[in-house]
Amino acid sequence: MTVGGAQRKNRRLKQDQAAKAAAAIAAARGSRKDATKIIIGVVIVVLVAAGVVGGVLYAQHQKNQTTLSAIAAKTVAGSSNYPTVLDKANATVLVGKPTAKVVIDAYEDFECPICKEFEDANFSDIEKQLEAGTLQVRYHMINLLDGNSSPPGYSSLAANTALAVATVAPNKFMDVHYSLYQTQPTEGKAGWTQDQLNNLASRLGVSGAAYDKLINDGTYKAQINKNMEAASNDQALFQTDSSGAKGFGTPTIVYNGAPVNYQTAGWLETIINNAKPKS
């Protein structure tokens with residue numbers, strides 16, 4: 001091999017080595033890019049998974065907020081002095097002295113926030129008239145909003161529980177009724193569970209085998225459904241909402257067969273004052 005040939009050979013070797021080195025560097029860079037992509041992809045998946053899990057946990061937390069609480073047990077002063085009569089066949093409760101000159105019917109749903117507003121605004125006046133012996137209130141517990149709790153069915157659970165209390169310990173009905181409106185679950189979220197409702201009844205002094213059977217059998221649920229169907233089809237109970245549509249809703253307060261505008265100041269006192277004594 002001549003010197004020129006050796007030189008050419010050396011140049012080719014150097015060129016080959018440079019090309020291999022460049023290829024190796026490019027391959028290494030490509031590997032790092034691929035690794036980076038993989039790492040970034042893994043991080044994204046982890047973050048998305050964490051977000052989903054976090055969202056589920058937060059939703060579960062919100063749903064279970066009611067489950068973590070106890071219903072505040074409230075008592076109504078003097079309620080033991082109000083005669084309380086349960087009509088088992090119609091699943092209604094009549095509260096007040098039979099000599100009262102006025103009887104109103106209250107259609108309510110324990111899930112209904114407007115019912116709570118009605119109770120908050122009017123209970124003291126109702127209590128005053130019950131104590132005076134001038135008023136009786138017939139409570140119709142309606143499950144209009146059964147589908148608006150999570151899980152569905154709270155309206156029926158609460159109504160059946162209140163009726164069970166009225167069956168076993170009638171003088172405790174007003175306490176349970178008052179307590180359930182004072183600590184009402186948020187509409188659309190978790191309602192009180194049956195265990196929590198039972199715990200409330202127990203703290204108010206209502207328990208035992210007779211009560212348990214009424215709860216476990218869901219004794220009044222079928223009649224509660226019938227009452228809801230009957231009320232929703234009774235045009236005498238229909239009211240006009242803000243959009244002009246007519247229909248049944250809760251609360252509906254009825255006197256002498258017609259709904260009362262309970263938002264009028266002094267509505268109950270006006271009824272009492274204008275009513276004639278029973279003959």
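L237 counts as buried because its relative accessibility is 5%. Buried here means under 20% relative accessible area, with exposed over 50% and partly exposed in between, for a 1.4 Å probe and protein chains only. The model is predicted: local features need pLDDT of at least 70, side-chain atom pairs count only at pLDDT 80 or more, and totals for chains, interfaces and linings use all residues. Residues are numbered from 1 along each chain as its sequence is written, and side-chain values use heavy atoms, with hydrogens and water left out.

Stay with L237 for a moment. L237 lies in the loop between α7 (221-233) and β5. Helices (H or I, at least four residues) and strands (E, at least two) are DSSP runs, numbered from the N terminus. Leaving aside residues up to four places away in sequence, L237 touches Y107, A231, G247, F248, T252, V254 and P259. Contact means heavy atoms within 4.5 Å. G247 is ten residues from L237 along the chain, and their C-alpha atoms are 7.7 Å apart.

Now step back to the whole protein. It has eight helices and eight strands. It has 279 residues, and 38% of them count as buried. Among contacts with a separation of 6 or more, 75% join residues 24 or more positions apart. The accessible surface is about 15,300 Å², and carbon and sulfur atoms hold 55% of that. Such areas come from the Shrake-Rupley method with a 1.4 Å probe; for residues, only the protein chains shown count as cover.

Next comes the sheet. Six strands form an open sheet in the order β1-β2-β4-β3-β7-β8, with mixed pairing. Two strands pair if DSSP finds at least two bridges between them. β1 and β8 (258-259) are the edge strands, and each pairs on one side only.

β1 runs antiparallel to β2, joined by four bridges. L86 stands opposite V93 in β2. The β1-β2 hairpin has four residues between its strands, and A91 takes a positive phi near 55° there.

Move on to β4 (residues 135-141). Six of its seven residues are buried, so this strand is mostly covered. β2 (residues 92-95) pairs with β4 in the antiparallel sense over four bridges. V95 has V137 as its bridge partner in β4. β3 (residues 102-108) runs parallel to β4, with seven bridges. Here A106 stands opposite Y139.

How do these strands connect? β3, helix α2 (residues 113-132) and β4 make a right-handed β-α-β unit. Right-handed means that, with the strands pointing away from the viewer, the path from the first strand over the helix to the second runs clockwise. β3 also pairs with β7 (residues 252-255), in the antiparallel sense over four bridges. In that pair, T252 of β7 is the bridge partner of Y107.

One helix deserves a look too. Eight of the ten residues of α4 (residues 173-182) are buried, so this helix is largely enclosed by the rest of the structure. Among the buried residues are F173, H177 and Y181.
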